Amino acid sequence: MKVALIGVGQAGGKVTERLAQFDANMGYGAVQGALAVNSAKPDLQSLEFVDTQLIGADRVNGHGVGGDNELGAEVMQSDIQEVLGGLDGRITSSADAIVVVAGLGGGTGSGGAPVLVHNLQQIHDIPVYALGVLPGQNEGALYQANAGRSLKTLAREADSTLLIDNDAWHEQGESMDGAFDRINGKIAQRVGLLFASGEAVDGVGESVVDSSEVINTLRSGGISVLGYASEVAAEDASDNLRTTMTVSRQALLTGTSLPDATQADSALLVIAGRPEAIPRKGVEKSRRWLEEETDSMQVRGGDFPLDSDRLGALVLLGGAERSDRLEQFMERAREAQNAEETETDRAEALTDDRLENLF
Ligand SMILES: Nc1nc2c(ncn2[C@@H]2O[C@H](COP(=O)(O)OP(=O)(O)OP(=O)(O)O)[C@@H](O)[C@H]2O)c(=O)[nH]1
(Lines give C-alpha, C1' and ligand atoms only; values in the text may rest on other atoms or scores of the structure.)
Protein backbone atom coordinates (compact mmCIF):
# COMPACT_ATOMS: atom_id res chain seq x y z
CA MET A 1 0.00 0.00 0.00
CA LYS A 2 1.65 3.22 -1.14
CA VAL A 3 1.17 5.98 1.41
CA ALA A 4 1.89 9.64 1.97
CA LEU A 5 2.72 10.29 5.63
CA ILE A 6 2.13 13.47 7.59
CA GLY A 7 3.27 13.63 11.19
CA VAL A 8 1.74 16.31 13.40
CA GLY A 9 3.38 17.38 16.67
CA GLN A 10 6.47 15.95 18.31
CA ALA A 11 5.44 12.31 18.56
CA GLY A 12 3.85 12.50 15.09
CA GLY A 13 7.09 13.78 13.58
CA LYS A 14 9.30 11.23 15.33
CA VAL A 15 7.10 8.26 14.43
CA THR A 16 6.79 9.48 10.82
CA GLU A 17 10.56 9.75 10.55
CA ARG A 18 11.07 6.23 11.90
CA LEU A 19 8.49 4.86 9.49
CA ALA A 20 10.05 6.59 6.49
CA GLN A 21 13.50 5.36 7.55
CA PHE A 22 12.32 1.78 8.03
CA ASP A 23 10.67 1.76 4.61
CA ALA A 24 13.78 3.19 2.93
CA ASN A 25 16.18 0.81 4.74
CA MET A 26 14.09 -2.20 3.77
CA GLY A 27 13.76 -0.93 0.20
CA TYR A 28 9.97 -1.40 0.15
CA GLY A 29 9.12 1.93 -1.48
CA ALA A 30 5.70 2.05 0.20
CA VAL A 31 6.26 5.48 1.76
CA GLN A 32 5.83 7.92 -1.13
CA GLY A 33 6.52 11.07 0.80
CA ALA A 34 6.77 12.20 4.41
CA LEU A 35 6.18 15.58 6.00
CA ALA A 36 6.35 16.64 9.65
CA VAL A 37 4.21 19.58 10.78
CA ASN A 38 4.62 21.23 14.17
CA SER A 39 4.19 24.49 16.05
CA ALA A 40 7.47 23.87 17.92
CA LYS A 41 10.55 24.73 15.88
CA PRO A 42 13.13 22.77 17.93
CA ASP A 43 11.12 19.55 17.47
CA LEU A 44 11.20 20.02 13.70
CA GLN A 45 14.93 20.82 13.72
CA SER A 46 15.70 17.50 15.37
CA LEU A 47 14.23 15.60 12.40
CA GLU A 48 16.73 14.77 9.66
CA PHE A 49 14.94 12.40 7.37
CA VAL A 50 11.64 14.11 6.53
CA ASP A 51 10.56 17.50 5.21
CA THR A 52 9.19 19.88 7.79
CA GLN A 53 6.61 22.64 8.04
CA LEU A 54 6.22 25.08 10.93
CA ILE A 55 2.69 26.23 11.77
CA GLY A 56 1.29 28.85 14.14
CA ALA A 57 4.44 31.00 14.11
CA ASP A 58 2.34 34.18 14.42
CA ARG A 59 0.58 32.82 17.52
CA VAL A 60 3.24 30.85 19.40
CA ASN A 61 6.45 31.95 17.74
CA GLY A 62 7.81 28.44 17.23
CA HIS A 63 7.45 27.46 20.91
CA GLY A 64 4.66 24.87 20.62
CA VAL A 65 1.17 25.13 22.12
CA GLY A 66 2.06 23.72 25.55
CA GLY A 67 -0.53 20.96 25.62
CA ASP A 68 -3.43 23.23 24.64
CA ASN A 69 -5.12 21.15 21.97
CA GLU A 70 -7.77 23.75 21.18
CA LEU A 71 -4.93 26.09 20.26
CA GLY A 72 -3.35 23.20 18.33
CA ALA A 73 -6.55 22.88 16.30
CA GLU A 74 -6.69 26.65 15.73
CA VAL A 75 -3.13 27.01 14.45
CA MET A 76 -3.61 24.06 12.09
CA GLN A 77 -6.80 25.61 10.72
CA SER A 78 -5.17 29.05 10.29
CA ASP A 79 -2.19 27.63 8.40
CA ILE A 80 -4.03 24.84 6.58
CA GLN A 81 -3.32 26.30 3.13
CA GLU A 82 0.44 26.26 3.76
CA VAL A 83 0.26 22.65 5.00
CA LEU A 84 -1.84 21.48 2.05
CA GLY A 85 0.48 23.39 -0.28
CA GLY A 86 3.47 21.68 1.33
CA LEU A 87 1.88 18.35 0.47
CA ASP A 88 1.60 19.14 -3.23
CA GLY A 89 3.71 16.68 -5.14
CA ARG A 90 4.01 14.37 -2.14
CA ILE A 91 0.56 12.93 -2.59
CA THR A 92 1.17 11.52 -6.05
CA SER A 93 -1.35 9.67 -8.20
CA SER A 94 0.26 6.39 -7.14
CA ALA A 95 -0.57 6.90 -3.44
CA ASP A 96 -3.24 4.49 -2.17
CA ALA A 97 -3.82 6.34 1.10
CA ILE A 98 -2.80 9.28 3.26
CA VAL A 99 -1.84 8.62 6.87
CA VAL A 100 -1.82 11.38 9.49
CA VAL A 101 0.31 10.44 12.50
CA ALA A 102 0.06 12.06 15.95
CA GLY A 103 0.46 11.58 19.68
CA LEU A 104 -3.07 12.28 20.95
CA GLY A 105 -2.12 13.48 24.44
CA GLY A 106 -0.24 16.71 23.63
CA GLY A 107 -1.41 19.92 22.00
CA THR A 108 -0.27 20.32 18.40
CA GLY A 109 -0.80 16.72 17.28
CA SER A 110 -3.91 16.18 19.38
CA GLY A 111 -5.66 19.29 18.11
CA GLY A 112 -4.04 19.58 14.69
CA ALA A 113 -4.44 16.01 13.41
CA PRO A 114 -8.28 15.95 13.34
CA VAL A 115 -8.35 19.34 11.60
CA LEU A 116 -5.83 18.16 9.01
CA VAL A 117 -7.70 14.88 8.40
CA HIS A 118 -10.94 16.82 7.95
CA ASN A 119 -9.35 19.12 5.34
CA LEU A 120 -7.61 16.28 3.50
CA GLN A 121 -10.93 14.45 3.22
CA GLN A 122 -12.40 17.44 1.39
CA ILE A 123 -9.81 17.36 -1.39
CA HIS A 124 -8.64 13.77 -1.81
CA ASP A 125 -10.53 10.71 -3.01
CA ILE A 126 -8.14 8.19 -1.51
CA PRO A 127 -8.70 7.07 2.11
CA VAL A 128 -7.32 9.29 4.84
CA TYR A 129 -6.26 7.25 7.87
CA ALA A 130 -5.01 8.39 11.25
CA LEU A 131 -2.32 6.70 13.31
CA GLY A 132 -2.90 7.88 16.86
CA VAL A 133 -0.74 7.25 19.93
CA LEU A 134 -2.68 7.02 23.20
CA PRO A 135 -0.96 8.32 26.35
CA GLY A 136 0.14 5.76 28.93
CA GLN A 137 -1.91 5.39 32.14
CA ASN A 138 0.71 7.23 34.17
CA GLU A 139 0.65 10.34 32.06
CA GLY A 140 -1.22 13.31 33.54
CA ALA A 141 -4.91 14.19 33.39
CA LEU A 142 -4.40 16.81 30.68
CA TYR A 143 -2.94 14.16 28.36
CA GLN A 144 -5.85 11.80 28.98
CA ALA A 145 -8.46 14.48 28.46
CA ASN A 146 -6.73 15.77 25.32
CA ALA A 147 -6.48 12.28 23.88
CA GLY A 148 -10.15 11.52 24.59
CA ARG A 149 -11.39 14.56 22.70
CA SER A 150 -8.90 14.10 19.88
CA LEU A 151 -9.74 10.42 19.43
CA LYS A 152 -13.47 11.08 19.38
CA THR A 153 -13.00 13.63 16.60
CA LEU A 154 -10.48 11.54 14.66
CA ALA A 155 -12.76 8.51 14.72
CA ARG A 156 -15.44 10.70 13.14
CA GLU A 157 -13.18 12.27 10.51
CA ALA A 158 -10.73 9.54 9.44
CA ASP A 159 -11.56 6.51 7.32
CA SER A 160 -9.99 4.46 10.09
CA THR A 161 -7.89 5.33 13.16
CA LEU A 162 -5.09 2.90 13.94
CA LEU A 163 -4.48 3.08 17.66
CA ILE A 164 -1.20 2.51 19.45
CA ASP A 165 -1.49 2.45 23.24
CA ASN A 166 1.81 3.71 24.69
CA ASP A 167 1.39 1.12 27.47
CA ALA A 168 1.10 -1.77 25.01
CA TRP A 169 4.79 -2.09 24.22
CA HIS A 170 6.06 -0.42 27.37
CA GLU A 171 8.23 -2.70 29.49
CA GLN A 172 8.11 -2.96 33.29
CA GLY A 173 10.40 -0.53 35.09
CA GLU A 174 11.24 1.40 31.96
CA SER A 175 10.77 5.18 32.08
CA MET A 176 8.31 6.54 29.53
CA ASP A 177 10.96 8.74 27.94
CA GLY A 178 13.41 5.87 27.60
CA ALA A 179 10.66 3.73 26.17
CA PHE A 180 9.68 6.08 23.32
CA ASP A 181 12.61 5.16 21.15
CA ARG A 182 11.88 1.45 21.48
CA ILE A 183 8.13 1.91 21.03
CA ASN A 184 8.69 4.03 17.93
CA GLY A 185 10.91 1.29 16.52
CA LYS A 186 8.16 -1.26 17.10
CA ILE A 187 5.55 0.98 15.48
CA ALA A 188 7.84 1.52 12.47
CA GLN A 189 8.44 -2.21 11.99
CA ARG A 190 4.81 -3.25 12.32
CA VAL A 191 3.14 -0.41 10.49
CA GLY A 192 6.00 -0.42 7.96
CA LEU A 193 5.32 -4.10 7.19
CA LEU A 194 1.62 -3.37 6.82
CA PHE A 195 2.31 -0.58 4.30
CA ALA A 196 4.78 -2.82 2.49
CA SER A 197 2.15 -5.56 2.08
CA GLY A 198 1.72 -5.94 -1.64
CA GLU A 199 4.76 -3.77 -2.45
CA ALA A 200 8.25 -4.66 -3.61
CA VAL A 201 7.42 -8.32 -3.96
CA ASP A 202 9.21 -10.41 -6.58
CA GLY A 203 7.41 -13.26 -8.32
CA VAL A 204 3.94 -12.38 -7.08
CA GLY A 205 1.95 -15.57 -6.46
CA GLU A 206 -1.69 -16.16 -5.79
CA SER A 207 -1.31 -16.28 -2.05
CA VAL A 208 0.70 -13.06 -1.77
CA VAL A 209 -1.11 -10.30 0.09
CA ASP A 210 -2.25 -7.34 -1.95
CA SER A 211 -2.60 -3.76 -0.77
CA SER A 212 -6.32 -3.83 -1.57
CA GLU A 213 -6.71 -6.38 1.27
CA VAL A 214 -5.41 -3.78 3.72
CA ILE A 215 -7.76 -1.11 2.39
CA ASN A 216 -10.73 -3.50 2.44
CA THR A 217 -9.99 -4.51 6.02
CA LEU A 218 -9.84 -0.86 7.07
CA ARG A 219 -13.12 -0.16 5.27
CA SER A 220 -14.93 -1.15 8.47
CA GLY A 221 -13.95 2.33 9.71
CA GLY A 222 -13.79 3.23 13.39
CA ILE A 223 -10.76 1.97 15.27
CA SER A 224 -8.14 -0.37 13.90
CA VAL A 225 -5.50 -2.31 15.79
CA LEU A 226 -2.30 -4.01 14.67
CA GLY A 227 -0.55 -7.01 16.21
CA TYR A 228 2.67 -8.82 15.38
CA ALA A 229 4.72 -11.79 16.57
CA SER A 230 7.50 -13.88 15.08
CA GLU A 231 9.50 -17.03 15.80
CA VAL A 232 12.44 -18.85 14.33
CA ALA A 233 11.13 -21.17 11.60
CA ALA A 234 12.19 -24.55 10.22
CA GLU A 235 13.43 -24.87 6.62
CA ASP A 236 10.43 -26.87 5.47
CA ALA A 237 6.84 -25.65 5.43
CA SER A 238 5.63 -29.02 6.76
CA ASP A 239 7.59 -28.44 9.98
CA ASN A 240 6.09 -25.00 10.53
CA LEU A 241 2.43 -25.80 11.10
CA ARG A 242 2.56 -25.24 14.84
CA THR A 243 4.81 -22.17 14.50
CA THR A 244 2.30 -20.53 12.15
CA MET A 245 -0.53 -21.06 14.65
CA THR A 246 1.64 -19.90 17.56
CA VAL A 247 2.73 -16.64 15.95
CA SER A 248 -0.83 -15.91 14.79
CA ARG A 249 -2.19 -16.43 18.30
CA GLN A 250 0.59 -14.37 19.88
CA ALA A 251 0.12 -11.54 17.38
CA LEU A 252 -3.53 -11.21 18.39
CA LEU A 253 -3.50 -12.16 22.04
CA THR A 254 -0.26 -10.63 23.32
CA GLY A 255 1.19 -8.50 20.56
CA THR A 256 -1.43 -5.92 19.60
CA SER A 257 -1.08 -2.16 19.66
CA LEU A 258 -4.21 -1.97 21.85
CA PRO A 259 -4.04 -4.83 24.36
CA ASP A 260 -7.08 -7.06 24.74
CA ALA A 261 -8.74 -5.85 21.56
CA THR A 262 -9.92 -9.03 19.88
CA GLN A 263 -13.47 -8.36 18.70
CA ALA A 264 -13.56 -6.79 15.25
CA ASP A 265 -15.72 -6.31 12.16
CA SER A 266 -12.91 -7.43 9.87
CA ALA A 267 -9.40 -8.81 10.09
CA LEU A 268 -6.35 -9.44 7.95
CA LEU A 269 -3.73 -12.09 8.67
CA VAL A 270 -0.41 -11.66 6.90
CA ILE A 271 2.16 -14.41 7.27
CA ALA A 272 5.68 -13.17 6.57
CA GLY A 273 8.60 -15.44 5.78
CA ARG A 274 10.36 -17.44 3.07
CA PRO A 275 7.65 -18.76 0.70
CA GLU A 276 9.01 -22.35 1.03
CA ALA A 277 8.65 -22.13 4.80
CA ILE A 278 4.98 -21.06 4.87
CA PRO A 279 2.61 -24.04 5.31
CA ARG A 280 -0.71 -23.58 3.46
CA LYS A 281 -2.55 -25.79 5.94
CA GLY A 282 -1.18 -23.80 8.87
CA VAL A 283 -2.22 -20.53 7.28
CA GLU A 284 -5.76 -21.82 6.67
CA LYS A 285 -6.05 -23.08 10.23
CA SER A 286 -4.78 -19.79 11.64
CA ARG A 287 -7.31 -17.88 9.56
CA ARG A 288 -10.18 -20.00 10.80
CA TRP A 289 -8.96 -19.49 14.37
CA LEU A 290 -8.83 -15.73 13.78
CA GLU A 291 -12.39 -15.80 12.45
CA GLU A 292 -13.64 -17.44 15.63
CA GLU A 293 -11.57 -15.31 17.95
CA THR A 294 -12.56 -11.97 16.40
CA ASP A 295 -16.15 -13.05 15.81
CA SER A 296 -15.86 -11.72 12.28
CA MET A 297 -16.93 -13.26 8.99
CA GLN A 298 -14.57 -11.00 7.08
CA VAL A 299 -11.11 -12.42 7.65
CA ARG A 300 -8.70 -11.88 4.78
CA GLY A 301 -5.24 -13.31 4.43
CA GLY A 302 -2.09 -13.49 2.39
CA ASP A 303 1.65 -14.09 2.48
CA PHE A 304 4.43 -11.58 2.66
CA PRO A 305 7.52 -13.13 1.06
CA LEU A 306 10.49 -12.16 3.19
CA ASP A 307 14.00 -13.54 3.12
CA SER A 308 14.26 -14.38 6.81
CA ASP A 309 14.88 -17.40 9.03
CA ARG A 310 11.78 -16.41 11.03
CA LEU A 311 8.05 -16.67 10.44
CA GLY A 312 6.03 -13.63 11.41
CA ALA A 313 2.29 -13.01 11.73
CA LEU A 314 0.84 -9.55 11.28
CA VAL A 315 -2.79 -9.18 12.35
CA LEU A 316 -4.80 -6.11 11.42
CA LEU A 317 -8.25 -5.63 12.97
CA GLY A 318 -10.76 -3.20 11.48
CA GLY A 319 -13.81 -1.88 13.35
CA ALA A 320 -12.30 -2.88 16.71
CA GLU A 321 -13.93 -0.21 18.88
CA ARG A 322 -15.81 -2.68 21.09
CA SER A 323 -12.67 -3.26 23.14
CA ASP A 324 -12.55 -3.15 26.95
CA ARG A 325 -9.23 -1.37 26.82
CA LEU A 326 -10.70 1.40 24.70
CA GLU A 327 -13.68 1.73 27.03
CA GLN A 328 -11.28 1.97 30.00
CA PHE A 329 -9.31 4.66 28.22
CA MET A 330 -12.42 6.69 27.34
CA GLU A 331 -13.55 6.45 30.97
CA ARG A 332 -10.12 7.73 32.08
CA ALA A 333 -10.39 10.59 29.58
CA ARG A 334 -13.91 11.53 30.77
CA GLU A 335 -12.79 11.53 34.42
CA ALA A 336 -9.79 13.67 33.54
CA GLN A 337 -12.02 16.10 31.66
CA ASN A 338 -14.39 16.37 34.64
CA ALA A 339 -11.46 16.86 37.04
CA GLU A 340 -10.13 19.59 34.80
CA GLU A 341 -13.48 21.37 34.78
CA THR A 342 -13.72 21.18 38.60
CA GLU A 343 -10.21 22.58 38.79
CA THR A 344 -11.24 25.51 36.59
CA ASP A 345 -14.32 26.07 38.79
CA ARG A 346 -12.04 26.30 41.82
CA ALA A 347 -9.77 28.73 40.06
CA GLU A 348 -12.80 30.84 39.29
CA ALA A 349 -14.17 30.64 42.85
CA LEU A 350 -12.73 34.04 43.75
CA THR A 351 -14.35 35.74 40.80
CA ASP A 352 -17.67 33.90 41.06
CA ASP A 353 -20.58 36.38 40.78
CA ARG A 354 -22.71 34.45 43.28
CA LEU A 355 -20.76 36.09 46.12
CA GLU A 356 -20.70 39.85 46.12
CA ASN A 357 -17.52 41.81 46.57
CA LEU A 358 -17.15 43.85 49.76
CA PHE A 359 -16.66 47.07 47.79
N1 LIG B 1 5.14 6.53 21.14
C2 LIG B 1 5.57 7.78 21.36
N3 LIG B 1 4.81 8.61 22.05
C4 LIG B 1 5.29 9.87 22.28
C5 LIG B 1 6.55 10.29 21.81
N6 LIG B 1 6.73 11.59 22.20
C7 LIG B 1 5.61 11.94 22.86
N8 LIG B 1 4.73 10.90 22.91
C9 LIG B 1 3.38 10.90 23.46
O10 LIG B 1 2.66 11.95 22.83
C11 LIG B 1 1.97 12.74 23.76
C12 LIG B 1 2.51 14.14 23.73
O13 LIG B 1 2.41 14.61 22.47
P14 LIG B 1 3.58 15.43 21.76
O15 LIG B 1 3.64 14.93 20.38
O16 LIG B 1 4.82 15.43 22.55
O17 LIG B 1 2.96 16.89 21.82
P18 LIG B 1 2.73 17.91 20.63
O19 LIG B 1 1.67 17.38 19.75
O20 LIG B 1 4.05 18.23 20.00
O21 LIG B 1 2.09 19.18 21.33
P22 LIG B 1 2.75 20.40 22.15
O23 LIG B 1 4.07 19.94 22.66
O24 LIG B 1 1.75 20.65 23.22
O25 LIG B 1 2.84 21.53 21.19
C26 LIG B 1 2.15 12.10 25.09
O27 LIG B 1 1.00 11.37 25.40
C28 LIG B 1 3.34 11.17 24.94
O29 LIG B 1 3.15 9.98 25.61
C30 LIG B 1 7.33 9.36 21.08
O31 LIG B 1 8.43 9.64 20.61
N32 LIG B 1 6.78 8.13 20.89
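Among the 27 residues around the ligand, Gly9, Gly103, Gly105, Gly106 and Gly107 come nearest, where a residue is near a molecule if its C-beta atom, placed from the backbone, lies within 6 Å of it. The structure is a predicted model, in which local features need pLDDT of at least 70, side-chain atom pairs count only at pLDDT 80 or more, and totals for chains, interfaces and linings use all residues. Residues are numbered from 1 along each chain as its sequence is written.

**Shell around the ligand**

- Helix H1 (9-26), helix H6 (108-123) and helix H8 (176-196) each supply at least two residues of the shell; helices (H or I, at least four residues) and strands (E, at least two) are DSSP runs, numbered from the N terminus.
- H1 gives the most to this shell, with 5 residues.
- By residue class the shell holds 8 nonpolar, 17 polar and 2 charged residues. Ala, Val, Leu, Ile, Met, Phe, Trp, Tyr, Cys and Pro count as nonpolar, Asp, Glu, Lys and Arg as charged, and the others, Gly among them, as polar.

**Annotated positions**

- The UniProt annotation "binding site", from an unreviewed entry, covers Gln10, Ala11, Gly12, Gly13, Lys14, Gly107, Thr108, Gly109, Glu139, Asn166 and Asn184. UniProt positions are given in the numbering used here, feature names are shortened, and annotations may be inferred rather than shown by experiment.
- Gln10 lies in helix H1 and counts as buried because it has 25 C-beta neighbours inside 10 Å. The cut-offs are 20 or more other C-beta atoms within 10 Å of the residue's own for buried, 12 or fewer for exposed, and partly exposed in between, with C-beta atoms placed from the backbone.
- Leaving aside neighbours within four places in sequence, Gln10 is in contact with Asn38, Ala40, Asp43, Gly103 and Gly106; contact requires C-beta atoms, placed from the backbone, within 7 Å.
- Asn166 sits in the loop between strand E6 (160-165) and H8, and is also buried, with 24 C-beta neighbours inside 10 Å.
- With neighbours within four places in sequence again left aside, Asn166 is in contact with Val133, Leu134, Pro135, Gly136 and Ile183.

**Domains and their contact**

- The protein is divided into domain 1 (3-196) and domain 2 (220-318), with bounds from an automatic or database domain assignment.
- The domain centres, taken over C-alpha atoms, are separated by 27 Å.
- The contact takes 13 residues from domain 1 and 16 residues from domain 2.
- On the side of domain 1 that touches domain 2, E6 and H8 each supply at least two residues, and the largest share, 6 residues, comes from E6.
- That side of domain 1 divides into 8 nonpolar, 2 polar and 3 charged residues.

Methods
Two residues are in contact if their C-beta atoms, placed from the backbone, lie within 7 Å.
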